[in-house]
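I opened the notebook to look up how two chains sit against each other. The entries follow in the order in which I made them.

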Number of protein chains: 4
Amino acid sequence: MTLKALKQAVWEANLRLVREGLVIETWGNASAVDREKGLVVIKPSGVPYDRMKPDDMVVVRLDTGETVEGRLRPSSDTPTHLVLYRAFAGIGGVVHTHSLYATAWAQACRPIPCYGTTQADYWFGEVPCTRAMKPAEIRTDYEANTGHVIVETYRGLDPLEHPAVLVASHGPFTWGRDVHEAVHNAVVLEFVARLASETLRVNPRVRPVGRPLLEKHFLRKHGPNAYYGQK
Amino acid sequence: MTLKALKQAVWEANLRLVREGLVIETWGNASAVDREKGLVVIKPSGVPYDRMKPDDMVVVRLDTGETVEGRLRPSSDTPTHLVLYRAFAGIGGVVHTHSLYATAWAQACRPIPCYGTTQADYWFGEVPCTRAMKPAEIRTDYEANTGHVIVETYRGLDPLEHPAVLVASHGPFTWGRDVHEAVHNAVVLEFVARLASETLRVNPRVRPVGRPLLEKHFLRKHGPNAYYGQK
Amino acid sequence: MTLKALKQAVWEANLRLVREGLVIETWGNASAVDREKGLVVIKPSGVPYDRMKPDDMVVVRLDTGETVEGRLRPSSDTPTHLVLYRAFAGIGGVVHTHSLYATAWAQACRPIPCYGTTQADYWFGEVPCTRAMKPAEIRTDYEANTGHVIVETYRGLDPLEHPAVLVASHGPFTWGRDVHEAVHNAVVLEFVARLASETLRVNPRVRPVGRPLLEKHFLRKHGPNAYYGQK
Amino acid sequence: MTLKALKQAVWEANLRLVREGLVIETWGNASAVDREKGLVVIKPSGVPYDRMKPDDMVVVRLDTGETVEGRLRPSSDTPTHLVLYRAFAGIGGVVHTHSLYATAWAQACRPIPCYGTTQADYWFGEVPCTRAMKPAEIRTDYEANTGHVIVETYRGLDPLEHPAVLVASHGPFTWGRDVHEAVHNAVVLEFVARLASETLRVNPRVRPVGRPLLEKHFLRKHGPNAYYGQK
């Protein structure tokens with residue numbers, strides 16, 4: 001994929017976040033990585049969506065974050081995206097939103113337990129939530145440290161088996177093999193977060209699903225023997 | 001009705017589920033049965049709704065599930081539909097969704113009590129919820145066993161007097177005399193599930209309606225002496 | 001106003017209920033009275049809204065309920081409307097819906113307390129809720145008895161100072177000086193019911209507003225010294 | 001800016017409140033001040049939004065409230081707006097709505113605690129709530145006293161660091177450097193109010209964010225060293 005095509009894909013991804021109701025005002029950003037070139041394409045900071053063009057996307061170096069192409073400043077969350085790309089080798093796109101229900105769980109500082117098959121079709125268990133960040137981590141290199149606290153949360157977890165995280169007191173980051181899948185996972189996360197809230201309301205003592213149902217649903221869509229969809 | 005007309009009806013039913021907001025992504029399926037021919041028409045698995053055509057509907061045998069017409073794989077939930085058609089003689093269409101509020105009750109593992117006349121107009125009492133499936137039922141023939149656990153839940157109940165069920169930790173299945181009515185019941189179920197949630201929020205100790213009100217409303221629409229609507 | 005114009009107004013009122021999201025399927029009805037002629041114009045029973053024409057409205061006698069004009073059967077709730085017109089001299093239009101939040105309060109069998117100025121602008125206090133109907137009232141003349149239990153609830157209340165009631169385990173009826181105002185009050189009621197639910201969620205121990213704020217808001221819009229709006 | 005341009009801006013602001021879903025019926029108003037001329041432009045009282053034209057905006061004197069231009073009566077809340085403009089030197093526009101979630105917190109008589117970075121990006125802490133008004137304040141000069149109780153609430157607070165207030169048992173007022181920003185803050189407030197409600201539902205014991213996160217987010221957007229957006 002050319003850099004031009006990647007800019008187009010990132011631009012479309014950012015606009016789809018608005019269309020899907022996940023982003024109001026300028027509160028969100030999507031990016032994609034080209035690992036061969038060592039470059040990341042990301043939304044500019046604080047620019048209204050309806051004026052943004054594909055060429056406004058900013059290209060930065062994966063290793064240093066230095067801007068390589070683009071007249072605008074990259075999203076203020078760029079350092080978080082870069083840390084995720086460096087740590088999670090299998091991901092090609094990252095999305096950050098303040099979508100209502102996912103952000104409510106993030107503000108509640110609670111992982112989303114897997115209460116049913118809708119979530120099990122996408123997450124191999126819960127949607128993790130980071131620990132609270134420490135004052136020193138907030139004061140200096142805040143955005144990079146946001147990435148580090150996410151990576152710390154994934155010790156022992158496969159990022160593609162839990163393709164979304166809640167940053168405590170902040171909001172969700174999602175990812176996927178490309179930026180299109182990262183947006184898709186942001187849409188699913190918002191539904192799953194709302195569904196978990198509504199479930200708790202009906203039965204505050206509900207328990208997460210057991211291992212057999214979790215394995216059945218995650219693996220029929222994602223495992224080597226997956227049988228959902230067309231071959 | 002010709003098989004071609006039935007494909008058209010099933011295709012329309014699947015699209016209406018999206019329009020009514022009951023299905024996002026590819027999370028739902030509708031089917032219809034032709035009992036004379038012994039055939040079931042069902043949505044293909046994992047195909048985006050906006051690309052789906054009437055001719056993409058898959059025709060399978062009611063007795064064996066074998067594909068008779070269609071280039072695509074049928075919905076992975078096909079075995080559940082077949083078990084329902086075999087067990088419930090009066091039904092002509094089946095719908096499965098992950099609609100938000102009905103799925104929340106399913107995840108809460110709770111039947112929806114009949115809190116008022118809106119539900120009593122369609123269900124002769126509660127919306128039943130299945131028991132949890134056992135690990136062995138999940139590991140082998142999961143989709144067929146989902147049908148069997150629904151049928152087990154209806155021992156002593158008339159499926160057309162309770163035209164929807166919640167599969168615990170999963171989501172709703174609805175049905176009707178044809179696929180159009182099955183979709184209609186999915187729309188009503190979602191409203192009734194949300195209404196029950198909002199009712200509980202206002203009064204957590206609310207009790208189901210008594211027998212006289214239940215009989216009055218269900219029977220004025222569905223009994224032999226029904227007087228709702230036009231003759 | 002001619003009978004033809006009244007049919008047009010009632011038809012428009014019924015369609016507006018759908019547009020405002022207060023009615024799904026065929027679950028609602030609006031009517032208007034012509035007190036000089038002693039006639040009531042009301043929606044036909046169970047007819048889909050998108051096929052309904054002004055001429056499908058049914059004209060019945062206010063005193064006996066006998067159909068005077070129209071090929072279709074009047075709404076099954078007609079006897080309730082007639083009882084209200086006979087008992088409440090000042091009203092010209094009646095609306096019945098199963099709108100989500102108002103119906104939730106009705107199912108919760110709770111009047112809606114006046115928690116703020118939004119409600120006080122329209123109701124001079126709470127939105128009343130009827131007592132539960134008795135089995136004998138349900139079994140015989142159910143719809144007329146629904147009207148009688150509403151009238152009983154208004155002993156000592158001015159219907160135009162509380163232009164909506166919740167029928168326990170059923171749903172809301174609203175009214176106004178004409179059918180347009182009855183629809184307007186149905187829209188406001190739904191908002192007020194939702195607002196009360198959301199208020200309770202934030203503060204379950206919230207108390208109704210005091211008399212001074214209630215009088216200020218109701219009377220600045222409705223009293224002889226009203227100063228809201230244009231002269 | 002000419003008075004004609006200010007009328008246009010105020011008219012647009014009022015219409016945007018409807019489009020954003022913050023105002024139903026005629027329940028809201030936006031105004032702007034021209035401090036050099038000592039004039040305030042405000043919406044007329046109780047006029048339907050779809051018939052309102054820029055020239056219907058009413059011009060009143062900032063000092064006395066006397067109408068200077070316009071055939072219609074100004075919003076009944078005009079005295080509240082005037083008190084705010086006189087007390088808060090830095091503001092150029094004021095908005096009042098009965099938007100659902102913000103009004104629910106106002107009716108609950110609770111300030112909105114800062115549960116996360118979404119709120120910290122706009123409010124340097126909580127969204128304040130006024131004390132209840134006293135009977136004498138309600139009976140005489142109610143609308144002006146509504147302004148005074150807001151001003152009392154801001155003793156020791158910078159209005160632009162907390163650009164919205166909840167009037168207890170009533171609803172929100174927001175403001176900004178101009179009327180466009182006041183509308184923007186009304187949109188953000190409604191989101192933040194809903195987000196706080198959803199957060200409480202997931203974790204009723206959630207605590208407000210600590211000082212470091214609050215400072216980081218508010219100041220990266222609003223402080224002298226702000227680095228969000230384009231330079």
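To compare copies, I superposed them by least squares on the C-alpha atoms of residues with pLDDT of at least 70 in both. This is a predicted model, in which local features need pLDDT of at least 70 and side-chain atom pairs count only at pLDDT 80 or more, while totals for chains, interfaces and linings use all residues. Residues are numbered from 1 along each chain as its sequence is written, chains are lettered from A and ligands numbered from 1 in the order in which they are written, and side-chain values use heavy atoms, with hydrogens and water left out.

Entry on symmetry. I found that a rotation of 90° with 0.0 Å of shift along its axis puts chain D on chain A, at an RMSD of 0.0 Å. That is the relation of a four-fold axis. In chain D, the C-alpha nearest the axis belongs to D:Arg201, 5.7 Å away from it. The copies use different surfaces, and 6% of the contact residues of chain D recur in chain A.

Entry on contact. I counted 31 residues of chain D in contact (heavy atoms within 4.5 Å) with 31 residues of chain A. The two chains bury about 3000 Å² between them, 54% of it on carbon and sulfur atoms; buried area is the accessible area (1.4 Å probe) lost on putting two parts together, summed over both. In chain D, the residues that lose the most area to chain A are D:Arg201, D:Val202 and D:Gln230, together 22% of what that side buries.

Entry on charges. How many salt bridges does the rule find across the interface of chain D and chain A? I noted four, a salt bridge being a side-chain nitrogen of Lys or Arg within 4 Å of a carboxyl oxygen of Asp or Glu. One of them joins D:Arg16 and A:Glu25 (4.0 Å, N to O).

Entry on elements. Helices H4 (117–120), H7 (179–202) and H8 (211–222) of chain D each give two or more residues to the side that touches chain A; helices are DSSP runs (H or I, at least four residues) numbered from the N terminus. H7(D) gives the largest share, 10 residues.
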